[in-house]
Every structure is written in structure tokens, then in C-alpha cells.
Amino acid sequence: MSYTFFLLLLTLVHSTFSSLAPTDRAALQSIRDSLTDMPGSAFFSSWDFTVPDPCSSFSGLTCSSLGRVTGLTLGPNLSGSLSPSISILTHLNLLILYPGSVTGPLPPRFDSLPLLRVISLTRNRLTGPIPVSFSSLSNLHTLDLSYNQLSGSLPPFLTTLPRLKVLVLASNHFSNNLKPVSSPLFHLDLKMNQISGQLPLAFPITLRYLSLSGNSMQGTINALEPLTELIYIDLSMNQFTGAIPNSLFSPTISTMFLQRNNFTSIATSTATSLLPQGSIVDLSHNSISGELPPALVGAEALFLNNNRLTGDIPEEYVKSLINGTTKQLFLQHNYFTRFPWNSGLQLPDSVSLCLSYNCMETDPVVGLSTCPIEVAPLLSRPASQCSRFYNHSSTG
């Protein structure tokens with residue numbers, strides 16, 4: 001066999017195994033016709049349908065050896081709409097749309113794409129509900145539809161997909177209740193929607209990231225007690241009530257945002273803190289009462305301001321400030337009566353401490369408190385407020 005003939009044969013084999021399937025070529029043409037580069041974008045400049053092998057020249061396109069489209073990445077900075085012809089790409093396992101101004105509904109026939117593992121269509125202007133055909137995506141690993149204008153009830157079938165690990169629907173207009181979650185999720189982000197009702201009774205114990213902030217959810221959060229793998233939790237700006245479970249203050253938690261709810265207590269034990277070094281805990285703007293428990297000592301940033309906490313601030317918190325473990329401690333707008341400070345001690349320059357508007361004597365805290373600008377300038381609550389609060393608490 002001559003070398004020239006061998007090269008010709010190799011070229012023919014390559015052409016046979018990489019040429020784009022006619023059905024997929026037609027689908028791509030339809031997708032191209034429905035989208036436009038925004039000013040300054042040149043994404044589609046490489047989409048020349050006169051070339052023999054789009055698989056090797058089209059931006060954002062990945063094909064199998066049989067010439068079937070397996071990956072489609074579009075954008076960024078596109079406008080137009082998503083063509084229903086996406087459903088013709090039956091070998092697709094990855095579909096990504098980068099941020100832009102794409103409008104209109106999601107394509108309706110995702111049930112013809114059984115191999116899909118990743119769908120990411122973020123930061124566009126997509127509208128309407130999630131099609132029921134998503135319920136057939138049994139191989140889906142990641143679904144990210146965040147920062148669009150999608151609406152309708154939160155589809156219950158999404159949280160039952162058998163292989164789904166990452167679900168991000170943040171900043172849309174989804175409503176209604178969150179149903180029990182049986183998918184093996186480790187990342188669930190539903191923040192900034194219109195979800196109401198209580199937490200479902202079941203969450204996967206695999207969950208590590210949970211964000212439900214900026215909704216209208218209520219009730220207790222006891223359903224989160226079994227979640228021992230949580231690293232990040234954000235339930236801020238809802239209407240949750242009751243006690244914050246002791247189990248949340250665990251060695252795995254690095255970020256806890258529970259501010260601006262209606263929590264009334266911290267259900268912690270008398271054990272010392274289990275919080276890891278560098279953790280951030282924000283429980284501000286609630287109705288938490290009682291004394292400050294030791295379980296929160298050691299957080300790098302701890303925000304407990306604007307609650308109804310009482311009594312002496314435990315010495316463990318002072319030690320954590322002095323040794324630099326805690327760098328931010330905001331306790332303003334509570335009813336604390338004493339900060340155990342020795343005049344010979346000194347706070348590190350990196351520490352921010354705010355004790356304003358409590359019921360303690362001002363002398364120990366003068367010069368220590370470094371409060372945000374928006375905090376009222378009064379160091380202490382009026383004595384009449386403190387007296388009424390403590391008298392009511394003792395007789396209540």
C-alpha cells in the first residue's frame with residue numbers, strides 16, 4: 001500500500017466518522033436561525049454551513065465519532081429564542097446557554113433527549129413554566145436555570161429525578177410549595193423566588209449546599225436536623241419560626257445565613273463550639289431570646305444584632321476576640337447586661353466589635369465598639385426600656 005493511498009484512505013475514514021449527521025445539521029441550522037449575536041458578539045462567526053465538517057469548525061459544538069452532536073454551548077451575548085429543534089439532537093448530553101438576552105419559553109420536547117446530563121441556561125430572559133418533559137431526564141446530573149423569568153408552580157418531578165445532584169433555579173418567579181426531595185442532591189439553590197409553605201419533611205442526607213433565601217417560607221426548620229453534611233445554608237429573608245436546631249452548629253458548617261426571619265431561640269447544648277475556623281454565622285434581625293450559648297464561640301464572623309438576647313456575654317467570646325479567632329462580633333440592639341472586659345486587655349486591630357444599644361454599663365465598652373455607620377449612636381438603651389423588658393420577662 002502506497003503512502004499516498006494510505007493518506008487518502010485515512011482522510012475518507014475520518015470524513016466518514018466525523019461528518020455531521022443530516023438531522024443534526026438541520027437542527028443546528030434552525031437553532032442558528034432563531035438566535036442572533038448581540039452587538040460586540042461574534043459567536044456565530046464560525047457557523048458556516050457550507051463547510052464539510054461543522055463538528056471541527058463550529059464554536060461550542062462537540063460531536064461523537066458517528067457525527068452526532070453530543071455537546072452544544074451557545075453564547076455569550078445572544079438574543080432571540082431557543083428553537084424547539086434542540087429536541088432533534090437526540091445524542092445531546094450537554095446543553096449550555098451563556099448569559100445574554102434570549103427570550104421566550106423553554107423548548108417543549110426534552111423527552112427526546114434521554115442522554116442529557118447537564119443543562120445550564122442561566123442569566124437570560126427565558127419565560128414560562130418548566131416543561132413536563134423534563135421529568136423523563138433520568139440521566140440528568142446538573143440543572144441550572146437561574147436568573148431568568150421562569151414562572152409557574154415549582155415542578156415536583158424535578159426533585160425526584162434519580163441522578164440529579166445540582167439543582168439551581170435561583171432568581172425566577174416560581175411559586176407554590178417545595179415538595180419532598182428524593183433526588184440525591186448535594187446542591188439546591190432556590191433563592192429569590194415566590195416559594196411559600198413549610199419545608200418538606202424529607203431532604204437527601206447528601207445535601208451540602210442549601211439556599212432558600214428571599215422567599216415566603218414559614219414554619220420550623222426541624223426537617224434540616226438530619227443533614228450532617230451541610231456546609232452552606234442560607235434561609236435568610238423568609239418567615240421561619242421556632243428554635244434553630246442544635247445539629248446545624250456542626251464542624252462541617254462554614255456559612256450559615258438565617259437572618260431576617262422570626263426565630264425565637266437557639267436550641268444548643270451547653271457544649272463548647274463545634275464551628276470550624278473561618279465560619280460565618282448570621283442570625284441577626286430575628287426574635288431570639290435567652291442567654292448567649294457557648295456553641296457559637298469560634299465563628300470568624302458572628303452577627304447576632306437586633307434580637308432579644310439577655311444576660312452576660314460569656315467570657316469565651318471575649319477570649320475568641322482577643323486571640324483573633326473571631327474577627328467580627330455584632331451584638332448591638334439586644335438586652336445584654338455585661339461585657340466581661342478587663343481594662344488591661346487589648347483587641348487586635350483586625351477585630352470589629354459592636355455592643356451598642358444594650359443594657360450594660362457604658363464604661364467597659366467605650367473605645368471598644370466599632371459599629372457600622374448605620375447603627376444608632378447611643379451606646380446603651382434607655383434604662384426605662386431595659387427595666388420594662390426585664391420586668392416583663394420575669395413575670396411572663
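Reader: Why does Cys386 count as buried?

Author: Cys386 has 10% relative accessibility. Buried means under 20% relative accessible area, exposed over 50%, and partly exposed in between, with a 1.4 Å probe and protein chains only. Cys386 therefore counts as buried. This is a predicted model, in which local features need pLDDT of at least 70, side-chain atom pairs count only at pLDDT 80 or more, and totals for chains, interfaces and linings use all residues. Residues are numbered from 1 along each chain as its sequence is written, and side-chain values use heavy atoms, with hydrogens and water left out.

Reader: What makes Cys359 and Cys386 a disulfide?

Author: Their S to S distance is 2.0 Å, and a disulfide is a pair of cysteine sulfur atoms within 2.5 Å. The torsion about the S-S bond is about -95°, so this disulfide is left-handed. Cys359 is in the loop between strand 27 and helix 4, and Cys386 is in helix 4, 27 residues apart. Helices (H or I, at least four residues) and strands (E, at least two) are DSSP runs, numbered from the N terminus. Cys359 counts as buried at 18% relative accessibility.

Reader: How many disulfides does a search of the whole structure find?

Author: Three. Another one joins Cys354 to Cys371, with S to S 1.9 Å. Its torsion of 100° about the S-S bond makes the link right-handed. Cys354 lies in strand 27 and Cys371 in the loop between strand 27 and helix 4 (383-395), so the pair ties together parts that are 17 residues apart in sequence. Cys354 has 0% relative accessibility and counts as buried, whereas Cys371, at 28%, is partly exposed.

Reader: Why is the disulfide of Cys55 and Cys63 called left-handed?

Author: The torsion about its S-S bond is about -85°, so the disulfide is left-handed. The sulfur atoms of Cys55 and Cys63 are 2.1 Å apart. Cys55 is buried at 16% relative accessibility, while Cys63 is partly exposed at 21%. With the bonded cysteines of the protein numbered in sequence order, the pairing reads 1-2, 3-5, 4-6.

Reader: How do you know that the buried residues of helix 3 are on the same side?

Author: The buried residues of helix 3 (residues 315-322) are Tyr317, Val318, Ser320 and Leu321. They cover an arc of only 160° around the axis, which puts them on the same side of helix 3; the arc is that of the directions from the helix axis to the C-beta atoms. Their cover includes strand 23 (301-303), strand 25 (328-330) and strand 27 (352-354). After helix 3 comes Gly324, with a positive phi near 85°.

Reader: What makes strand 1 and strand 20 edge strands?

Author: They belong to an open sheet of ten strands, ordered 1-4-6-8-10-12-14-16-18-20, with mixed pairing. Strand 1 (35-37) and strand 20 (262-267) each pair on one side only. Two strands pair if DSSP finds at least two bridges between them.

Reader: How many bridges join strand 18 to strand 20?

Author: Five, and the two strands run parallel; Ala243 has Ser265 in strand 20 as its bridge partner. Strand 16 (residues 216-219) and strand 18 (residues 239-245) also pair in the parallel sense, over two bridges. There, Gly219 stands opposite Phe240 in strand 18.

Note on methods. Contact means heavy atoms within 4.5 Å.
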